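Morning, everyone. Please look at the screen, and we'll walk through a few spots together.

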Amino acid sequence: MALAVCQLFDARSDRLVRELWARLEEAGVRTMASHTHGHHHPHLSFAVLRTWELRPVRDTLDRLPEGEPFQCASHGSLIFPRGRVALAPSFSATVAMRQDRVARALLEAGADLHKHYRPGLWVPHVSVATRASADQLPVIVNAVADVLPLELHAIRTALVDSSSGRIWWLPRML
């Protein structure tokens, strides 16, 4: 069970990622569309907390400065251990600094932050496939390449419980 601080996309960007998921599902590849509870949203996580209490997390995030919507562009794929494949987004340094600020604030508040989201260790990604086999990787990489470059527009920040898909919208972007 984890809680993620997610940047969610506008309707067009959300649809484009979901269309990619659907193409891969049709090819027999498990994606975020069918992973766990099946309520996943295309997103870019700024932080993932391994254990959490909602109120202290929200209180910490409420003290951070407001961020603006931002564009990110994917020009390739990332392949992680255990068959995870994601879009590799690029964006302004300001967005990376915002992620760093969120991670530092959560750590200072005593949060149990996943090691890959700690300051200076973040690998930004937009998840596509889960538990892909080695023989599925060419299918996934080709499907991703077919939609590149993929421009995504992040417009809202939310807290998402990965065990259930439950969302708590934040009143402003981080």
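Is R82 buried, partly exposed or exposed? R82 is exposed, at 63% relative accessibility. Keep in mind that this is a predicted model.

Where is R82? Look in the loop between β3 (70–80) and β4. Phi of R82 is positive, near 60°, and R82 is not a glycine. Most residues other than glycine have a negative phi.

Now R131. This residue sits in the loop between β6 (126–129) and α4. Phi of R131 is also positive, near 55°. R131 is exposed, with a relative accessibility of 57%.

Next, R84. You'll find R84 in strand β4, residues 84–90. R84 counts as partly exposed, at 34%.

R82, R84 and R131, along with R30, form a patch of positive charge on the surface.

Last stop: a peptide bond. L148 and P149 are joined by a cis bond, with omega about -5°. P149 lies in the loop between α4 (137–147) and β7 (150–161). Most peptide bonds are trans.

That's my tour. Thanks.

Definitions and conventions:
Residues numbered from 1 in each chain as written. Predicted model: local features only at pLDDT ≥ 70, side-chain atom pairs only at ≥ 80, totals over all residues. Heavy atoms only, no water. Patch = residues over 30% accessible without salt bridge, like charges linked within 9 Å, V, L, I, M, F, W, Y side chains within 5 Å. Areas by Shrake-Rupley, 256 points an atom, 1.4 Å probe, with all protein chains shown as cover. Salt bridge = Lys/Arg side-chain N within 4 Å of Asp/Glu carboxyl O. Lys, Arg positive; Asp, Glu negative; His and termini not counted. Charge placed at Lys NZ, Arg CZ, Asp CG, Glu CD. Helix = DSSP H or I, 4+ residues; strand = E, 2+ residues; numbered from the N terminus. Buried < 20%, exposed > 50% of the residue type's maximum accessible area, 1.4 Å probe, protein only.
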